[in-house]
Amino acid sequence: MNEREATNYSDGMEDFSEEAYAAFLERKKSLQITNSRKRPDGVPLIDELVKEQKRFCATPEGKHFMNFIATSLKESISSPAAK
Amino acid sequence: MKYSNNIDDFPIYTSVDKKSIRSMMFKIKRYLSGFAEETGIQGFCAHEEVLYEMIERIEKRRIYFYVFYNGTRLGELNEGSLLCFWILKLMPFYHPQIPAYIINANIALAIFVNSLNYYAGLLQKKVNLTDQAVKNLQYAFCFRDLSKEAIMILAENLIY
């Protein structure tokens, strides 16, 4: 890296000063306080996914699928004693 | 519906209320408990701040869809696809003995398949997913670059 690039790099780093970071945190905090918008849609998808998970896992296809997932995960467990 | 290409006509995005986000985070944890139960593997955890970030980003995309696709709703299949994308990207789930990318890819895969089945059920359609396709998806979720749109179009084309 030449001197000019090094200087530019140093200049760029000034954006990450403690004051800038404190201002960022303050801005984030103020955003969290104003989060009052309601979701526009009805039931969140995750509610339905929790139900669908139960329904699917009770079917032969679901059991087969979860068995595939479980086997993959168990094969990746790092400690043989935990298998 | 109001149409505009003037920046002054657009409001500033505000986050969804905390209560709704907490409720969705709680549901994600319930999903994780179900996942642990069905796989017979205990000890999964979720990073709360990352879950919060994921939910926020999905809500932002909901607004993006409405504004840039002429009032279109995000829809369940796209929402499920986005959830998969952010799980793969931000890896909110962890386990002391399993590499993070494997856990997150497999949870994303389970959510993806659940989303497909749920959406197909709504439309009284079927899901075209063979064992080989599941293996391919698992590999792709671990190692390939999949954009939000790629996962969305993949999901759409697995329903017939």
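Buried means under 20% relative accessible area, exposed means over 50%, and partly exposed lies in between (1.4 Å probe, protein chains only). This is a predicted model: local features need pLDDT of at least 70, side-chain atom pairs count only at pLDDT 80 or more, and totals for chains, interfaces and linings use all residues. Residues are numbered from 1 along each chain as its sequence is written, chains are lettered from A and ligands numbered from 1 in the order in which they are written, and side-chain values use heavy atoms, without hydrogens and water.

**View 1. Chain A holds 4 helices and 0 strands.** Helices (H or I, at least four residues) and strands (E, at least two) are DSSP runs, numbered from the N terminus. Along the sequence, the pattern of chain A reads α-α-α-α. Chain A has 83 residues, and 30% of them count as buried. Its accessible surface is about 6,100 Å² (Shrake-Rupley method, 1.4 Å probe; for residues, only the protein chains shown count as cover). Carbon and sulfur atoms hold 57% of that surface.

**View 2. Helix H4 of chain B spans residues 100–123.** H4(B) has 24 residues and reaches 34 Å from its first C-alpha to its last. That is close to the 34 Å expected at 1.5 Å a residue; the expected span is 1.5 Å times one less than the number of residues. Of the 24 residues of H4(B), 18 are buried. Just after H4(B) comes B:Gln124, with a positive phi of about 55°.

**View 3. The largest nonpolar core has 60 residues.** Such a core is a set of buried Ala, Val, Leu, Ile, Met, Phe, Trp, Tyr and Cys residues joined through side-chain atoms within 4.5 Å. A:Phe65, B:Phe93 and B:Phe112 have the most contacts inside this core. The elements giving two or more residues to the core are H3 (45–57) and H4 (60–76) of chain A, together with H1 (18–39), H2, H3 (76–90), H4, H5 (131–143) and H6 (148–157) of chain B. H4(B) gives the largest share, 13 residues.

**View 4. What surrounds B:Phe93?** Contact means heavy atoms within 4.5 Å. Leaving aside neighbours within four places in sequence, the contacts of B:Phe93 include B:Ile28, B:Leu32, B:Cys45, B:Leu51 and B:Asn104. B:Ala100, B:Ile103 and B:Ile107 are also among them.

View 5. A salt bridge is a side-chain nitrogen of Lys or Arg within 4 Å of a carboxyl oxygen of Asp or Glu. B:Glu53 pairs with B:Arg57, with the closest N and O atoms 2.9 Å apart. B:Glu53 is partly exposed at 33%, and B:Arg57 is partly exposed at 34%. B:Glu59 and B:Arg62 also form a salt bridge (2.9 Å, N to O). B:Glu59 is buried, with a relative accessible area of 1%; B:Arg62 is buried at 4%. A network of salt bridges links B:Glu59, B:Arg62 and B:Glu79.

**View 6. A:Glu48 and A:Lys51 form a salt bridge (3.9 Å, N to O).** The two lie 3 residues apart in helix H3 of chain A, about one helical turn. Over all chains, the count is 8 salt bridges.
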